[in-house]
Amino acid sequence: MLLLHESLGSPIVGVVCCKVDPFRESSDEEIKIGQISMLAVRSDRTNKGYGTQLMEEAEHRLLELGCKYASLDLLQPAEWQHDVKTWLAQWYERLGYK
Ligand SMILES: CC(C)(COP(=O)(O)OP(=O)(O)OC[C@H]1O[C@@H](n2cnc3c(N)ncnc32)[C@H](O)[C@@H]1OP(=O)(O)O)[C@@H](O)C(=O)NCCC(=O)NCCS
């Protein structure tokens, strides 16, 4: 779990979890896949780049753990469009996820 503070000792403004995914297997046993989850930035601190910063740090840690790929789950309603989820899907796409 990675916690983001704006300065030393100040309150937490964001969080993200990352780990090697034990359930998502690659066809090549040598290739580990990372899992990113629980990304959140305090609502009064959004749009300052902290979400992007947390994603980049999570990816960096996964690389250090030997992962070649990172995965994340975005749950969306099947029957209707949820505006925030649609925006999130585009946000993750901009970060390179598909
Ligand atoms: C998703 C989340 C982590 C993003 O954090 P953040 O610190 O605001 O992210 P960044 O500042 O790096 O990027 C925000 C970008 O999205 C844009 N944005 C923010 N809210 C938006 C909205 N509702 N609709 C459209 N664009 C939006 C900003 O303008 C900004 O664009 P830019 O990169 O071109 O400047 C944060 O919104 C959050 O905690 N959401 C609630 C929890 C959540 O949904 N987590 C994901 C679970 S899958």
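Colleague: Which residues of helix 1 are called buried?
Modeller: In helix 1 (50-64), these are G51, L54, M55, A58 and L62. Buried means 20 or more other C-beta atoms within 10 Å of the residue's own; exposed means 12 or fewer, partly exposed is in between, and C-beta atoms are placed from the backbone. Helices (H or I, at least four residues) and strands (E, at least two) are DSSP runs numbered from the N terminus. This is a predicted model, where local features need pLDDT of at least 70, side-chain atom pairs count only at pLDDT 80 or more, and totals for chains, interfaces and linings use all residues. Residues are numbered from 1 along each chain as its sequence is written.

Colleague: What covers the buried residues of helix 1?
Modeller: The cover includes strand 1 (2-5), strand 2, strand 3 and strand 4.

Colleague: What makes up the largest nonpolar core?
Modeller: It has nine residues: V16, C18, I36, L54, M55, A58, L62, C67 and A70. Such a core joins buried Ala, Val, Leu, Ile, Met, Phe, Trp, Tyr and Cys residues through C-beta atoms within 7 Å. Strand 2 (12-20), helix 1 and strand 4 (67-71) each supply at least two residues of this core. Helix 1 gives the largest share, four residues.

Colleague: What does A70 touch?
Modeller: Beyond four places in sequence, A70 touches G34, I36, E59 and L62. Contact means C-beta atoms, placed from the backbone, within 7 Å.

Colleague: Why is M38 called exposed?
Modeller: M38 has 11 other C-beta atoms within 10 Å, so it counts as exposed. M38 sits in strand 3 (32-41). Past its neighbours within four places, M38 is in contact with V15, V16 and C17. Its phi is near 60°, positive in a residue other than glycine.

Colleague: What makes N47 exposed?
Modeller: N47 has 7 other C-beta atoms within 10 Å, so it counts as exposed too. N47 lies in the loop between strand 3 and helix 1. Phi of N47 is also positive, near 60°. Most residues other than glycine have a negative phi.

Colleague: Which residues come nearest the ligand?
Modeller: Of the 15 residues around the ligand, V41, T46, Y50, G51 and T52 come nearest. Near means a C-beta atom, placed from the backbone, within 6 Å of the molecule. Helix 2 (83-94) gives the most to this shell, four residues.

Note on methods
Two residues are in contact if their C-beta atoms, placed from the backbone, lie within 7 Å.
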